[in-house]
Amino acid sequence: MKKFNSTILSRCFSALLVGVLGTGAVFAQSATPESSPRPGTSSKPRVQIPARVLAPHVFQKIDPVLDQIYIVNTFNLKDGTQKDLPYSWARNQPFYNDVWYFDFEIKSLRTIVLPSAIMVDGQRKPVLKKYMYLMYRIKNPGQYFTVKQVQTVDGVENLKGRQEEVFGRYTEDLTALQDIISNLPITGMEMPKAEKLGAIEPMPMSFEFITRKDKVLEFTPVFELQMDDEQWPDHENRKMMLRRRKMADEYNPFVVKKIAEKERVPGKLYGSCDFIGKKIKPGEEVWGVAVWSDINYTADRFSIVINGLTNVRKYEPEEGKYFYKNLKLNYWHPGELDIFRFGQPGGLDFEWIFE
C-alpha cells in the first residue's frame, strides 16, 4: 500500500512538473512583444474601433427658456438701519447683468456594473458595484445677452422741450432783473447777457438688448439626485417608510473611463471635476457624465437638479438675496428593472427653477 502511494505521488509530481514547464513555454511565447516581430514576418496594424455615430433622436435637447426680463433686476436700495431709503430715486433701481447659457443635451439614464472594494473588519473585500450615470453634451452657442444704451427720438424731443422751458424762464427772470436795476440810482452795473440755446448733448434715454458672439465660457457643474419616495425599513415599527433624500454626483476617474469605453465617446469624456479650469470656446462641444452609486432603486419618482448651465438670477426683495436658475430633470422608475423613463406621469419632463 505504501509502495502504491509513493508511485502515484511520483507520477503526479512528474505530470505537474511537465505542465509547469509547458505553461512557462506558452507564457514565454505570448510575452513576445508585438512591436518586435520575428525575422521574416510582417506586423499587422491594430484594428481601431471607429467612433460611435448616434442617431439624431438619441440625445434630448433642453430648451434654455431665456427671458430678457432676467437681464435687468430692480430693487430698492437699502442701508444698515432703514429698510428703504426715503428718496424716490432710490426705489426700483435697475441693475444689469450679462446673461450667458449653454446648449444642453442629455442621453437616457443607464447603469454599469464595475468591480470595486469595500472595507470589512479592516480588510478590503472585492465586490461588484452598480453605478447610474447621465451622459450629456454641452455647447457654447457663442452668444450672450447684454444691454446697450441708446437714445430714442421721443427722449430727445422731451429733453429739448424741457431745455427750452428752463431757458425761457431764465431769460424772463433776467429781463425782469434788468428792469429793476435800471430804475435804481446805480451806475456802471451791467447784467450778464443770456446766451443762445445750444445743441442738446447726446445722453442715454432707454436700453436695447443685443447679443455678442465672442464669449468664452466656463462650466462648473453641480448635479444633485433628489429621490422623492425612497423606501427604507423602519425596524422599530416593522414596516416600510417613504423618505426624501439628496445625493451629489461622485467623481471617479476609473468609472468615467469605463463609461467612455462603453459609450465609445468621440474624444474625451469629462467628469464633474474635470471641468475645473476648462475654457469652452464659442462653437465648441464637450461630452460629460454624472455618476451616482449606492442608490436605493425602490424610488419610483426622482429628479436631477443641475446648476451651472446659465448665470440667470432673480432678486427677491422679501428675501433680500438672489436666486439662481437651475434645471430640474424629472424621471420615473417603474418596477425593479433598470428602466428610467424621462418625465413623470401627470408632471413635466423638465422645468427651470430658482434656488
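E284 is partly exposed in this predicted model, with a relative accessible area of 23%. E284 also forms a salt bridge with K278, the closest N and O atoms being 3.1 Å apart. The structure holds six salt bridges.

**Salt bridges**

- K278, the partner of E284, has 19% relative accessibility and counts as buried. The cut-off explains the label, because buried means under 20% relative accessible area.
- Salt bridges with shared partners join K107, R110 and E263 into one network.
- Within that network, the side chains of E263 and K107 meet at 2.5 Å, N to O. This pair links distant parts of the chain, 156 residues apart. E263 sits in helix 3 (residues 253-263). K107 sits in the loop between strand 4 (103-106) and strand 5 (110-120).
- Both E263 and K107 are buried.
- E218 and K279 form another salt bridge, with their closest N and O atoms 2.2 Å apart. E218 lies in strand 9 (residues 217-218) and K279 in strand 13 (residues 279-280), so the pair ties together parts that are 61 residues apart in sequence.
- E218 counts as partly exposed, at 36% relative accessibility. K279 is also partly exposed, at 48%.

**Strand 17 and its partners**

- Strand 17 (residues 321-332) runs antiparallel to strand 15 (residues 301-307), and six bridges join the two. Here S303 has N330 in strand 17 as its bridge partner.
- Strand 16 (residues 313-316) pairs with strand 17 over four bridges, again in the antiparallel sense.
- Strand 16 and strand 17 form a hairpin with four residues between the strands. In this hairpin, G320 takes a positive phi near 75°.
- Strand 19 (residues 350-354) is joined to strand 17 by five bridges, and the two run antiparallel. K328 stands opposite E351 in strand 19.
- Strand 18 (residues 341-342) is joined to strand 17 by two bridges, also antiparallel. Y331 has F342 in strand 18 as its bridge partner.
- In a regular strand, side chains alternate between the two faces of the sheet.

**Nonpolar surface patch**

- L177, I180 and L184 make a nonpolar surface patch of about 260 Å².
- One of these residues, I180, has its place in helix 2 (residues 153-183).

Technical notes. Residues are numbered from 1 along each chain as its sequence is written. This is a predicted model: local features need pLDDT of at least 70, side-chain atom pairs count only at pLDDT 80 or more; totals for chains, interfaces and linings use all residues. Side-chain values use heavy atoms; hydrogens and water are left out. Patches are made of residues with over 30% relative accessible area and no salt bridge: like charges are joined within 9 Å, nonpolar side chains (Val, Leu, Ile, Met, Phe, Trp, Tyr) within 5 Å. Accessible areas come from the Shrake-Rupley method with a 1.4 Å probe; for residues, only the protein chains shown count as cover. A salt bridge is a side-chain nitrogen of Lys or Arg within 4 Å of a carboxyl oxygen of Asp or Glu. Two strands pair if DSSP finds at least two bridges between them. Buried means under 20% relative accessible area, exposed over 50%, partly exposed in between (1.4 Å probe, protein chains only).
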